[in-house]
Amino acid sequence: MTAQLDAVVREADEHVCPLPHIPEAVSVVRRRVRTVLADWNLAPDLAEDALLVISELITNAVVHALPPAVLRLSRVVDGSHALRVEVTDAGTAADGRPAVEADADEHGRGLDIVTALAAECGTRVHAGGITWWAKLLTA
């Protein structure tokens with residue numbers, strides 16, 4: 001019985017959302033995640049920081065990577081009380097076209113924003129692609 005209760009608690013502490021590979025995915029997922037974060041009783045300021053981190057990581061997956069992609073949110077209670085955000089995609093979209101120089105005023109600051117808001121962040125390369133993650137402290 002205890003294992004069943006633990007599974008329910010773990011399920012309530014994690015949210016997984018497949019990401020459509022379209023630019024509109026960012027706003028759709030933000031609305032969905034806003035509800036999840038509210039249900040988890042995250043402080044409003046932390047929820048806004050989390051939504052910004054999530055938006056940046058999703059945008060990178062949709063613009064720069066191959067599908068499929070998935071967002072995973074989890075509440076971590078390992079002594080640090082944190083929200084872990086992970087976006088996993090199939091890797092870089094290398095299609096042979098030369099890289100287009102992005103206007104620095106409009107693009108290229110997303111990972112700087114993630115780094116500024118997260119207590120920790122990084123990447124993990126694996127057989128299925130790459131996972132970009134960030135950990136935001138909740139307490």
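1. A pocket, as the word is used here, is an open set of grid points where a 1.4 Å probe fits, with protein on both sides within 12 Å along at least five of seven lines, and its lining residues have an atom within 4 Å of a point. Keep that in mind as you look at the structure above, which is a predicted model. Which residues line the second largest pocket? They are L57, N60, A61, H64, A65, D89, G91, T92, L111, I130 and W132.

2. Let us stay with this pocket for a moment. The space in the second largest pocket comes to about 180 Å³. Its lining is made up of 6 nonpolar residues, 4 polar ones and 1 charged one. Two elements, α3 (44–64) and β5 (129–137), each give at least two residues to the lining. Helix α3 has the largest share, with 4 residues.

3. Now step back to the whole chain. How many helices and strands does the chain have? There are 4 helices and 5 strands. Starting at the N terminus, you would read their order as α-β-α-α-β-β-α-β-β. The chain has 139 residues, and 35% of them are buried. If you take the contacts between residues at least 6 apart in sequence, 65% of these link residues at least 24 apart.

4. Two packed helices are described by the angle between their axes and the distance between the axes. For α3 and α4 (residues 110–117), the axes come within 9 Å and cross at roughly 150°. This crossing is left-handed. On the α3 side, the residues in contact are D49, L52, V53, E56, L57 and N60, and on the α4 side they are G110, L111, I113, V114 and L117. Sorted by type, the residues of this contact are 7 nonpolar, 2 polar and 2 charged. Have a second look at L57, N60 and L111 in this contact, for the lining of the second largest pocket includes them too.

5. Two spots in the backbone deserve a look. The peptide bond that joins P67 and P68 is cis, with omega at about 0°. You will find P68 in the loop between α3 and β2 (69–76). The other spot is N41, in the loop between α2 (25–39) and α3. N41 is not a glycine, yet its phi is positive, at about 60°. Is N41 buried or exposed? Its relative accessibility is 67%, so N41 counts as exposed.

6. Compare that with S74, which sits in strand β2. The relative accessible area of S74 is 15%, and the cut-off for buried is under 20%, so S74 is buried. Which residues does S74 contact, once neighbours within four places in sequence are set aside? They are D13, E14, W40, A82, L83 and R84.

7. Finally, find T138 in the segment after β5. With a relative accessible area of 37%, T138 is partly exposed. Setting aside residues up to four places away in sequence, T138 touches L46, H81, A82 and L83. Two of these, A82 and L83, are also contacts of S74. T138 and A43 are 95 residues apart in sequence, and their C-alpha atoms are 7.9 Å apart in space.

Technical notes: Residues numbered from 1 in each chain as written. Predicted model: local features only at pLDDT ≥ 70, side-chain atom pairs only at ≥ 80, totals over all residues. Heavy atoms only, no water. 1 Å grid on protein atoms, 1.4 Å probe; cavity = no way out; pocket = protein on both sides within 12 Å on 5 of 7 lines; lining within 4 Å. Points joined across faces, edges and corners; volume = space filled by probe spheres on them. Nonpolar A, V, L, I, M, F, W, Y, C, P; charged D, E, K, R; others polar. Axes fitted to C-alpha atoms, helices over the stretch in contact; angles between N-to-C directions. Left-handed = near helix turned anticlockwise from the far one by under 90°. Contact = heavy atoms within 4.5 Å. Buried < 20%, exposed > 50% of the residue type's maximum accessible area, 1.4 Å probe, protein only.
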